Amino acid sequence: MNGPKKLTPAELDAMRHQLSNALLMMSEQMTPIFDAADGVKADMEKRGWSPTAAEQVALTWLMGAMSSAMGLS
């Protein structure tokens with residue numbers, strides 16, 4: 001059996017470039033969701049909720065929003 005194919009330096013550079021672009025795109029798409037979760041937490045704290053409770057609710061909201069954004073729900 002032959003092992004995995006050895007990549008050339010040019011192929012490795014191309015893969016790094018593709019990965020970097022994919023991570024940047026993902027970051028740009030997720031930023032509004034994280035910002036909204038921060039807003040949920042801040043709004044709840046302003047309404048008198050404890051920081052711990054507000055964090056739990058915001059985390060639950062964030063997990064649902066991320067599942068929805070990824071098409072998991």
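1. Leaving aside its neighbours within four places in sequence, which residues is Val40 in contact with? In this predicted model, the contacts of Val40 are Ala58 and Trp61. Val40 itself belongs to helix α1 and is partly exposed, with a relative accessibility of 23%. Although Val40 and Trp61 stand 21 residues apart along the chain, their C-alpha atoms are separated by 8.3 Å. Since buried means under 20% relative accessible area, Val40 at 23% does not count as buried, and therefore falls in the partly exposed class.

2. The nonpolar core deserves attention next. The largest one has five residues in all, namely Met30, Ile33, Ala37, Leu62 and Ala65. Helices α1 and α2 (51-69) each supply at least two residues of this core, and α1 provides the largest share, with three residues. In soluble globular proteins, nonpolar side chains tend to be buried together.

3. When residues up to four places away in sequence are not counted, Leu62 touches Ile33, Phe34 and Ala37.

4. A contrasting pair concerns Ala53 and Ser20. Ala53 lies in helix α2 and counts as partly exposed, at 28% relative accessibility. The C-alpha atoms of Ala53 and Ser20 are separated by 36 Å, the two residues being 33 apart along the chain.

5. Turning to charged side chains, a search of the whole structure finds five salt bridges. One of them links Glu11 to Lys5, with the closest N and O atoms 3.1 Å apart. Lys5 counts as exposed, at 62% relative accessibility, whereas Glu11 is partly exposed, with a relative accessible area of 29%.

6. Another salt bridge joins the side chains of Glu45 and Lys41, at 3.8 Å from N to O. Because Glu45 and Lys41 are four residues apart in helix α1, about one helical turn separates them. Both count as partly exposed: Glu45 has a relative accessibility of 31%, and Lys41 has one of 25%. The N to O separation of 3.8 Å for this pair falls within the 4 Å limit for a salt bridge, so the pair qualifies.

7. Arg47 forms a salt bridge with Asp43, in which the closest N and O atoms are 2.8 Å apart. Arg47 is exposed, with a relative accessible area of 62%, while Asp43 counts as partly exposed at 31% relative accessibility. Elsewhere, salt bridges that share partners join Lys41, Glu45 and Glu55 into one network.

8. A last point concerns nonpolar side chains at the surface. Which residues form a nonpolar patch there? The patch is made of Leu7, Leu12 and Met15, which together have about 240 Å² of accessible area. Leu12 is found in helix α1 (residues 9-46) and is partly exposed, with a relative accessible area of 32%.

Key:
Residues numbered from 1 in each chain as written. Predicted model: local features only at pLDDT ≥ 70, side-chain atom pairs only at ≥ 80, totals over all residues. Heavy atoms only, no water. Patch = residues over 30% accessible without salt bridge, like charges linked within 9 Å, V, L, I, M, F, W, Y side chains within 5 Å. Areas by Shrake-Rupley, 256 points an atom, 1.4 Å probe, with all protein chains shown as cover. Buried < 20%, exposed > 50% of the residue type's maximum accessible area, 1.4 Å probe, protein only. Core = buried A, V, L, I, M, F, W, Y, C linked by side-chain atoms within 4.5 Å. Contact = heavy atoms within 4.5 Å.
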